[in-house]
Amino acid sequence: MAVIHDVMPAFELFQPPTVDDAVRLLGQYREDAWVMAGGLDTFDWLKDRIKRPKVVVDLSQVRELSGIREANGGLEIGATTTLTEVVRHPVIRGKYGILSTGAEAAASPQIRNQGTIGGNVSQDTRCWYYRAGWPCYRAGGNTCFADTPTAINREHAILGADRCVAVNPSDSAPALIALDAKFVIRTPKGERVVDAEDYFIGPGTDITRMNILRPGDLLTAIRLPADWAGAKFYFEKVRDRNVWDFPLMNVASAMVITGGKIERIRLAVNAAAARPLRLAAVEDAVRGKEPNAATGEIAGRLAVQGARPLRFNAYKIPLMRNLVKRAIGGVEQAAWA
Amino acid sequence: MADHEIEQPVTSTPLVVSRRDLIKGVIAAGAVSSASYLFRASAVWSQTSAPGAVERLVTLTVNGQQRRVDVMKQETLATTLRYKLGLTGTKIGCDRSECGACTVLIDDVPHYSCSILTHTVRGKNIVTIEGLASADGKLHPVQQGVIDEQGFQCAFCMSGFIMATVGYLKTNPNPSRAELAHGISGNLCRCQDYDKILNAMMRGAENLRRANRV
Ligand SMILES: Cc1cc2nc3c(=O)[nH]c(=O)nc-3n(C[C@H](O)[C@H](O)[C@H](O)COP(=O)(O)OP(=O)(O)OC[C@H]3O[C@@H](n4cnc5c(N)ncnc54)[C@H](O)[C@@H]3O)c2cc1C
Ligand code: SF4
Ligand code: FES
Ligand code: FES
């Protein structure tokens, strides 16, 4: 895998003290600039010489971007707040538990101590052809190396593919979608707030980007509205190893149950497609029903409609079906438990 | 010094010089300059005075000492520690955040030093394995735990494990075995078995609690 070179190729480094300074630098250097928060996705690209930005804008000194505060009855999480801070925050633990669980499922302790929530949702795909520098669609070329008869694509997409079959690997993203989080973006024109699910884009929209940010844009905060605080939550991540491993798939749900029936629900999966998927059709189908195994069964079947396996990832279809089922009906106790 | 100049750090030594001697020589030279076998010339863009522009000559706080050092923009902390400050107890295994051998404490929190820019940690308190023992040479309780339990085999991964454990114990001084295993799960070992490493780290935690009581 990784080849160790001496040091990274040179770049100009800026460590702006404020958001305004950062935005000014990004506006000045545009396509030549790379935003760096914790750097844990960034350094692989630079060390492997696959991406060679001339300028790196390091957000580590921008105090106003970091920290968690109460806002409008909910929470506002600064973009450079570390995953560890998100995991440990008492209000997140208490009222928005799936975010805490999702963030803790990511990577390793040291990575969570440095990796930021903004970086986690903005990270690039792990498709190894692309990350190794192969000139595929996503890299601006005209083929996909992961979707050929001999390609190794066990981790790739079953839904939403359009030439590119890569997946979004973030563990916090589906939790944020289930919580109906809002992403706050500073653009050269001013501030913009988008729903979590609209932050992410698939290859049909733009094959070279994973999210709506354009050169010059900065994600400044993520807001958790009060609506879903204390809801009934489910998060599960399936992976090959318990540490350091990206999701084969993950699922997050938030439900409000009234009189034994699902009154409100939000449901999302990630690592199934190039963007984390909010499963709105499934939400519609289960609203008003009891959150039990039978409803979960319906939900699971509906969730995988239209799924198309590649050579090595057909297992992802039953995996997704079962994860969605559990997210709604809960995990059945084994008979002997 | 201009960005593109590479200074020969050691000029009066014989041609055949071991890497260790070279590093020592470099350290002795005070504010340390680039070792040419590692660091290529790096003339990118000229220095600007925009807010946030960085200077190459920085002061780092490492193991309680102030160290002046000439740091490239793209230099990682692991590189600075090992090849400029001579603190070779910090190992580089993967250079990709995938093994933990390079773990150091930054303001008491474990980080992979291979995956953070030195410029990002200016003004922070950096502790490496060399900074754990007390001035009189008495080992840190977690280091002592390693000796008590013969925790490692080749020990390439050891300093990373110890730093991760010392950092984790600051947040949870009395962990269960499972909690400690989770807390230091960002470190890999290729030749010892994890059970023995955990024995050593649990013993270290116990040593540390005892030391803090007296
Ligand atoms: C070995 C390894 C294992 C991992 N395992 C997992 C895992 O299991 N699950 C998981 O979810 N992640 C995993 N990750 C990814 C890691 O969690 C994320 O990379 C981390 O959260 C990224 O945060 P960062 O701040 O370090 O990112 P950075 O590298 O700083 O940024 C990542 C990307 O986001 C952009 N960006 C960051 N912040 C902003 C901002 N405020 N505005 C605009 N753009 C921004 C950067 O330009 C860059 O393109 C792993 C990473 C490694 C190296
Ligand atoms: S899946 Fe996407 S990123 Fe991977 S090789 Fe194909 S086009 Fe490139
Ligand atoms: S050398 Fe830093 S994590 Fe492996
Ligand atoms: S003891 Fe050899 S790598 Fe851990």
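**Close-up views of a predicted model**

**View 1. The residues around ligand 1, sorted by class.** In this predicted model, the shell around ligand 1 is made up of 17 nonpolar, 12 polar and five charged residues. In total, 34 residues surround ligand 1, and the closest are A:Val35, A:Ala37, A:Gly38, A:Thr116 and A:Asp171. Because the residues that surround ligand 1 come from chains A and B, the site is shared between chains.

**View 2. Backbone atoms of chain A beside the oxygen atoms of ligand 1.** A polar backbone atom of A:Val35 is found 2.6 Å from an oxygen atom of ligand 1, and a backbone N or O atom of A:Gly38 lies 2.7 Å from an oxygen atom of the ligand. A polar backbone atom of A:Ala107 is likewise placed 3.1 Å from an oxygen atom of ligand 1. Taken on its own, ligand 1 has 980 Å² of accessible area, and the protein covers 96% of this area. The elements that contribute two or more residues to the shell are β2 (33-36), α7 (117-122) and β8 (218-224) of chain A, and α7(A) gives the most, with four residues.

View 3. B:Thr103 belongs to strand β3 of chain B, which spans residues 103-106. The relative accessibility of B:Thr103 is 2%, and the residue therefore counts as buried, since the cut-off for this class is under 20%. Within chain B, the side chain of B:Thr103 reaches the backbone oxygen of B:Gly100 at 2.6 Å, while across to the other chain the side chain of B:Thr103 makes a polar contact of 3.1 Å with the side chain of A:Gln110. When neighbours within four places in sequence are left aside, B:Thr103 is in contact with A:Gln110 and with several residues of chain B, among them B:Pro110, B:His111, B:Tyr112, B:Met163 and B:Asn187.

View 4. Strand β4 (residues 68-71) and strand β5 (residues 74-78) of chain A run antiparallel and are joined by four bridges.

Key. Residues numbered from 1 in each chain as written. Chains lettered and ligands numbered in written order. Predicted model: local features only at pLDDT ≥ 70, side-chain atom pairs only at ≥ 80, totals over all residues. Heavy atoms only, no water. Buried < 20%, exposed > 50% of the residue type's maximum accessible area, 1.4 Å probe, protein only. Polar contact = N/O pair within 3.5 Å; in protein donor to acceptor, adjacent residues only side chain to side chain. Contact = heavy atoms within 4.5 Å. Pairing = 2+ DSSP bridges. Near = heavy atom within 4 Å. Areas by Shrake-Rupley, 256 points an atom, 1.4 Å probe, with all protein chains shown as cover. Nonpolar A, V, L, I, M, F, W, Y, C, P; charged D, E, K, R; others polar.
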